[in-house]
Amino acid sequence: MRESTEKMIRKAASGDQNAITTLYELTYSSVYKTVKSMIADEDTVLDIVQDSFIKGFQSLDQLDTPENFRAWMKRIATNKAKDYLKKKNNKTNSFGWDL
């Protein structure tokens with residue numbers, strides 16, 4: 001019997017590793033695909049996905065609607081990917097070369 005998302009998030013917020021692992025496994029694929037659609041480099045994608053989950057699990061207290069956990073994680077990942085792309089574009093000189 002699967003626990004409700006709300007109960008799983010409460011457990012994860014209190015540090016329950018099984019709940020964290022379950023939530024991670026349920027959402028990893030969609031978070032990964034979201035970032036991969038924005039960034040080609042596999043290592044960078046994996047770094048951003050990892051950073052997104054760290055931020056998400058550290059910020060569970062800010063999630064208002066537990067049923068929206070997957071969408072919330074995808075939004076965090078999208079924002080992290082956008083931040084990466086902004087920084088990457090700022091490191092390009094006037095000739096379009098990476099510095």
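Tutor: Let's begin with Glu42, which makes a salt bridge with Lys36; their closest N and O atoms are 3.2 Å apart. Keep in mind that this is a predicted model.

Student: Is Glu42 buried, exposed or partly exposed?
Tutor: Glu42 is partly exposed, at a relative accessible area of 32%.

Student: Where do Arg10 and Glu6 lie?
Tutor: Both are in helix α1, four residues apart, which is about one turn of the helix. In general, an α-helix has 3.6 residues a turn, so residues three or four places apart point the same way.

Student: And how accessible are Arg10 and Glu6?
Tutor: Arg10 has 51% relative accessibility, so Arg10 counts as exposed because the cut-off is over 50%. Glu6 is partly exposed, with 40%.

Student: Changing topic: how many aromatic pairs are there?
Tutor: Seven aromatic pairs by this rule. In one of them, Tyr28 and Tyr32 have ring centres 6.0 Å apart and planes at 20°, so that pair is stacked. Tyr28 and Tyr32 both sit in helix α2 (residues 17-36), four residues apart, again about one turn of the helix.

Student: Is Tyr28 buried or exposed, or something in between?
Tutor: Tyr28 is partly exposed, with a relative accessible area of 25%.

Student: What about Phe57 and Phe69, how do their rings sit?
Tutor: The ring centres of Phe57 and Phe69 are 6.1 Å apart and the planes are at 35°, so this pair is tilted. Phe57 belongs to helix α3 (residues 42-58) and Phe69 to helix α4 (residues 69-90), so the pair ties together parts that are twelve residues apart in sequence.

Student: Why does Phe57 count as buried?
Tutor: Phe57 has a relative accessible area of 19%, and buried means under 20%, so Phe57 falls on the buried side of the cut-off. Phe69 is buried too, at 3%.

Student: Which residues do the ring pairs link into a cluster?
Tutor: The cluster holds Tyr24, Tyr28, Tyr32, Phe53, Phe57, Phe69 and Trp72.

Student: Let's look at α3 itself. Which of its residues are buried?
Tutor: Thr44, Val45, Ile48, Val49, Ser52, Phe53, Gly56 and Phe57. The elements covering those buried residues include α2 and α4.

Student: How far does α3 reach?
Tutor: α3 has 17 residues and spans 24 Å from its first C-alpha to its last, close to the 24 Å expected at 1.5 Å a residue.

Student: Zooming out, how many helices and strands are in the chain?
Tutor: Four helices and zero strands, giving the pattern α-α-α-α along the sequence. Of the 99 residues, 32% count as buried. Among contacts between residues at least 6 apart in sequence, 52% join residues at least 24 apart.

Student: Last one: where is the confidence lowest, and where highest?
Tutor: Confidence is lowest in helix α1 (residues 5-13), with a mean of 93, and highest in α3, at 98. The chain averages a pLDDT of 91, and 89% of the residues score at least 70.

How values were computed:
Residues numbered from 1 in each chain as written. Predicted model: local features only at pLDDT ≥ 70, side-chain atom pairs only at ≥ 80, totals over all residues. Heavy atoms only, no water. Phe/Tyr/Trp six-rings, centres within 6.5 Å; stacked < 30°, edge-to-face > 60°. Helix = DSSP H or I, 4+ residues; strand = E, 2+ residues; numbered from the N terminus. Buried < 20%, exposed > 50% of the residue type's maximum accessible area, 1.4 Å probe, protein only. Expected span 1.5 Å × (residues − 1). Contact = heavy atoms within 4.5 Å. pLDDT = per-residue confidence, 0-100. Salt bridge = Lys/Arg side-chain N within 4 Å of Asp/Glu carboxyl O.
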